[in-house]
Amino acid sequence: MVTQLTDHYRKLLMKHGRCEESRLKINTIDPSDRATLLTYFMIIFILYVSVKEYYKRGQYQRENEECQEKLEELQKKLEDLQKEIGRRKEQFKFVWRNAPLYADWRKEEFQSVNVTLDEATAHPVLFVSENGRQVTWQERSEDLPSSKQRFDSLPCVLGQLKITLGRCFWEVEVGTAGSWDMGICRDNVTRNWKVTMSPQNGFWAIRLYEGEYWALTSPETQLTLRDHPHRVGIFLDFEAGDVSFYNMADGSHIFTFPQSTFYSALRPLFRLWSSDSGPLTIVQEKENTLTL
């Protein structure tokens, strides 16, 4: 055992150039001194290994500390980014009325609702489909009993939905329909004689008539649209008194009425002008939709 250790240490010293084999005569050393010398050698070897391991562990620790610092730096950047996203989102929520060009932004803040038509309110010349999602002009008007609910002068029909709070929107396919009005109205609007459709009379709607678009303000406002909207989105914020219209094909803004104060329930409104007008079809949303 001792011989093996001395050989090992001799090789180690020779490797580092600290002595030459010819000058090392360890075998001539007294056995008692040899044991002491080997003990010193063992202590030195153990110290060497320990110091090496210590520095190795120190290096690992420094690398670990560096990794931890980088991780903390990345976490801070992530937190800062999340705060910035939250700040911008809150800023958007505050100014969304002033950013009318992005329908998708509003869709994130508004609840999609499935609207169906109330056949009991339909003018006799209008035909409501069985599923309540499409209105068309029929050649012969039906002989229907008089009703306070039914329009008998303006060829209109209302949606079943009565809105009294919140933010909601729905979409209507207009296709190549020639002339129509759509929007919202108060639930108690006049239905039994002709009335001018305007906010003062409880109507917030837009119109396509003979190829021209109008907002039914008082007086009416002519609209210049880049493209003919084949699908129109109606957005209502009840508490804010906001009614806005969008071309849902490209998300472009059509018109926003000046803010109003709503004191009673509102309902979706649809109007056709003649047999060349329709049909108008309410789009049924499949996801994230509230049915009322």
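## Cysteines without disulfides

Let's start with the cysteines. A disulfide is a covalent bond between the sulfur atoms of two cysteines. In this predicted model, a search of the whole structure turns up zero disulfides. Take Cys185 as an example: the nearest cysteine sulfur belongs to Cys156 and lies 7.8 Å away. A disulfide needs two sulfur atoms within 2.5 Å, so Cys185 is in no disulfide.

Where do we find Cys185, buried or exposed? Its relative accessible area is 0%, so Cys185 is buried. Cys168 has 6% relative accessibility and also counts as buried, because the cut-off for that word is under 20%.

## The overall build

Now step back and look at the whole chain. The protein has three helices and 15 strands. Of its 292 residues, 37% count as buried. The protein exposes about 18,400 Å², and carbon and sulfur atoms supply 51% of that area.

In soluble globular proteins, nonpolar side chains tend to be buried together. Here, the largest nonpolar core has 40 residues. Which residues have the most contacts inside this core? They are Trp170, Trp180, Met182 and Leu280.

Another core, of 11 residues, lies apart from the largest one. Its members include Leu158, Ala205 and Leu269, together with Cys185, the buried cysteine from the opening section.

## Aromatic rings that meet

A pair of aromatic rings is described by the distance of the centres and the angle of the planes. The structure holds nine aromatic pairs. In one of them, Phe169 and Phe235 have ring centres 4.8 Å apart and planes at 10°; stacked rings have planes under 30 degrees apart, so this pair is stacked. Phe169 sits in strand 5 (residues 167-173) and Phe235 in strand 10 (residues 231-237), so the pair links distant parts of the chain, 66 residues apart. Both Phe169 and Phe235 are buried.

Phe235 also pairs with Tyr246, this time edge-to-face, with 5.3 Å from centre to centre and 70° between the planes. Because Tyr246 belongs to strand 11 (residues 242-247) and Phe235 to strand 10, this pair ties together parts that are 11 residues apart in sequence. Tyr246 is buried, as is Phe235. Together with Phe110, the residues Phe169, Phe235 and Tyr246 form one aromatic cluster.

## Arginines over rings

Arg167 lies over the face of Phe110, 5.8 Å from the ring centre; Phe110 is a member of the aromatic cluster. Arg271 lies over the face of Trp273, at 3.9 Å from the ring centre.

## A buried leucine in a loop

Finally, look for Leu117 in the loop between strand 1 (111-114) and strand 2 (126-128). With a relative accessible area of 5%, Leu117 is buried.

Which residues does Leu117 touch, not counting those up to four places away in sequence? Among them are Val128, Gly132, Val135, Val157, Leu158, Phe270 and Ile282. Gly132 is 15 residues from Leu117 in sequence, while their C-alpha atoms are 4.9 Å apart in space.

Notes
Residues are numbered from 1 along each chain as its sequence is written. This is a predicted model: local features need pLDDT of at least 70, side-chain atom pairs count only at pLDDT 80 or more; totals for chains, interfaces and linings use all residues. Side-chain values use heavy atoms; hydrogens and water are left out. Rings of Phe, Tyr and Trp (its six-membered ring) pair if their centres lie within 6.5 Å; planes under 30 degrees apart count as stacked, over 60 as edge-to-face and the rest as tilted. Helices (H or I, at least four residues) and strands (E, at least two) are DSSP runs, numbered from the N terminus. Buried means under 20% relative accessible area, exposed over 50%, partly exposed in between (1.4 Å probe, protein chains only). A charge sits over a ring if NZ of Lys or CZ of Arg is within 6 Å of the ring centre and within 35 degrees of the ring normal. Contact means heavy atoms within 4.5 Å. A nonpolar core is a set of buried Ala, Val, Leu, Ile, Met, Phe, Trp, Tyr and Cys residues joined through side-chain atoms within 4.5 Å. Accessible areas come from the Shrake-Rupley method with a 1.4 Å probe; for residues, only the protein chains shown count as cover.
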